[in-house]
Amino acid sequence: MIHHRTDQFKAIYEKVHRQLQEVFVTKQPVLVLLGSGTAAMEAAVAGLVAPGEKMISFNGGKFGERWAKIGKALGCVVHEVVYDWTEFTTPAMVEKAIADCPDAVAVFTQLNETASGIRNPIKEIAAVCHKHNKLIVVDGISGLTAMPCPMDEWGLDVVLSRQPEGLYAATGPGLHRAVDKAIAKLNATPMRVFYNDLKAQLKNHGQSTHAWTSGVSLYQQLSTALDMMLAEGLENVIHRCHVQGEAVRAAAKALGFKLMNEKSPGDVLTSILMPENIKSSAVAKYCRGNWGLYYAAGQDPYKDAIIRIGHLGYQDHFETIMAIAGFEMAMKHFGVNVELGKGVKVAEEILMADLEAQEKKATAAG
C-alpha cells in the first residue's frame with residue numbers, strides 16, 4: 001500500500017489516465033470517482049442540469065429508469081420516455097422527445113441496458129442530439145469495451161463507465177469522460193453534490209490527484225486490468241465479446257428459447273426468456289449454490305422471467321462454453337425438455353471458427 005499524496009501514486013494516476021483515454025477513445029480528460037456507476041450517473045446529472053432545467057431520459061429498463069429518478073431527486077424537470085424492455089431507443093424517438101421538450105439541455109441514455117441486454121444505437125442518437133444542439137450523456141457502465149463507443153469520433157459529450165463491468169477489475173471507481181461543451185455547462189451549473197462534484201474533481205485532475213482520498217488499491221487493480229486489456233487490444237476485446245455473444249444467442253435459439261433482447265442484441269449479455277412455470281431466480285440460485293456458476297435473473301417485471309448470461313470483460317471462449325453447458329443442465333434439472341449438448345455444439349462451432357480465424361491471422365502476421 002502507498003499513500004495517495006505521493007509521487008508513487010501520482011505516477012500510477014497519470015498512467016491510468018493515459019490508458020483510460022485509450023479505452024474511451026478520447027483526448028479529453030477521464031475523471032475517476034470513488035463510488036459505483038450510480039455515483040457517476042448522479043455526478044453527471046448534478047453537474048450538467050441545474051434545478052428547474054429540463055432533461056430528457058429514455059427508460060427501457062432499470063438503468064434507463066435511474067436517470068429519471070436521479071434527475072427528479074436533484075430538482076430537474078425530467079421528460080421521461082418510457083417503453084417496453086424488449087425495445088430500444090431509436091433516433092425517431094429522440095427526435096420526438098426533443099420536439100416535445102425543446103428546452104431540454106441534455107439527453108441521457110444507455111449504450112447497453114443491463115436489465116435487458118438491449119443495445120442502443122448511440123452513434124445515430126448522437127447525430128440527432130447534435131442537430132438540435134443538445135448535450136448527449138451516455139451510460140456506458142456495462143457496455144464500454146464490450147461494444148464500440150468511440151467518444152470523440154461520435155461526438156459524445158459525457159460517457160460514464162465502471163471498473164468491474166467491462167474493465168476486468170473488482171467493484172470500485174465510476175469513470176467519467178467529458179468534452180469542452182459539457183465542461184462549459186458544468187462550470188455554469190451550481191454545485192449540488194459535494195463528494196462527487198465534477199468541478200472539484202476536474203480541478204484536482206489537473207494536478208494528477210483527486211479532490212479527496214484516492215482509492216489506492218482500486219487504482220492499482222485498475223492499472224493492472226488496463227495493462228491486460230490494452231495488451232489484448234481494445235478492438236480484440238470488443239470482437240471477443242461479440243463472438244461470445246453470437247455463440248450464446250445461437251445456443252439459446254438452438255435449444256428452443258426466445259431472447260428478450262432479440263430486436264437489438266448487445267454484446268454485454270444475453271437475456272433468455274424462461275418457460276412460464278420456471279422462476280429464473282430459482283435457476284440462478286441452484287447453479288450458484290451447486291456448481292459455482294453465476295447467472296443473473298431479471299429485475300422488476302422480468303424478475304423471474306429471464307436468465308441473463310454475460311459475455312463481457314475477462315472471459316474466454318471456454319468459459320462461455322461452460323456457461324452454456326451449465327444452462328442446459330439447469331434447464332434439464334428444472335424439467336425442461338432440452339437436448340443436452342445441442343446448444344454447446346452450436347456455440348462450439350462459432351467459437352472454433354473464430355479461434356481458427358485468429359490462428360490464421362497470427363500466422364499471416366508472422
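Author: Searching the whole structure, which is a predicted model, gives 6 cavities of 30 Å³ or more. On a 1 Å grid over the protein atoms alone, a cavity is a set of points where a 1.4 Å probe fits but cannot get out, whereas a pocket is an open set with protein on both sides within 12 Å along at least five of seven lines; lining residues have an atom within 4 Å of a point. Points join across faces, edges and corners, and volume is the space filled by probe spheres set on them.

The largest cavity has a volume of about 90 Å³. It is lined by 14 residues, and those closest to its centre are Val 32, Leu 33, Leu 34, His 210 and Thr 213. By class, this lining comprises 8 nonpolar and 6 polar residues, with no charged residue. Here Ala, Val, Leu, Ile, Met, Phe, Trp, Tyr, Cys and Pro count as nonpolar, Asp, Glu, Lys and Arg as charged, and the others, Gly among them, as polar.

Turning to the open spaces, the largest pocket has a volume of about 490 Å³. Its lining numbers 20 residues, of which Tyr 294, Tyr 295, Arg 308, Ile 309 and Gly 310 are the closest to the centre. Strand 12 (306-310) and helix 12 each contribute at least two residues to that lining; helices (H or I, at least four residues) and strands (E, at least two) are DSSP runs numbered from the N terminus. The lining of the largest pocket includes 11 nonpolar and 6 polar residues, together with 3 charged ones.

The second largest pocket has a volume of about 300 Å³. Around it stand Glu 232, Asn 236, His 239, Arg 240, Asp 316, His 317, Asp 354, Ala 357, Gln 358 and Lys 361. Two or more of these residues come from each of helix 10 (234-254) and helix 13 (342-364). Helix 13 is the main contributor, with 4 residues.

The axes of helix 11 (residues 280-291) and helix 12 (residues 317-333) come within 10 Å of each other and cross at roughly 115°. Helix 11 is therefore roughly perpendicular to helix 12. Axes are lines fitted to C-alpha atoms over the stretch in contact, with angles from 0 to 180 degrees between N-to-C directions; under 35 counts as roughly parallel, over 145 as roughly antiparallel, 65 to 115 as roughly perpendicular and the rest as oblique. From helix 11, Val 283, Tyr 286, Cys 287 and Trp 291 touch Gly 326, Met 329, Ala 330, Met 331 and His 333 of helix 12, contact being heavy atoms within 4.5 Å. This contact holds 7 nonpolar and 2 polar residues, and no charged residue.

Two further helix pairs complete the picture. Helix 1 (residues 7-24) packs on helix 9 (residues 216-232) at an angle of about 45°, the axes lying 10 Å apart. Helix 1 is therefore oblique to helix 9. Their contact comprises 12 nonpolar, 3 polar and 3 charged residues. The axes of helix 4 (residues 91-100) and helix 5 (residues 122-131) come within 9 Å and cross at roughly 25°, so helix 4 is roughly parallel to helix 5. In helix 4, Pro 91, Val 94, Glu 95 and Ile 98 meet Glu 124, Ile 125, Val 128, Cys 129 and Lys 131 of helix 5. That contact has 6 nonpolar and 3 charged residues, with no polar residue.

Residues are numbered from 1 along each chain as its sequence is written, and side-chain values use heavy atoms, without hydrogens or water. Local features need pLDDT of at least 70 and side-chain atom pairs 80 or more, whereas totals for chains, interfaces and linings use all residues.
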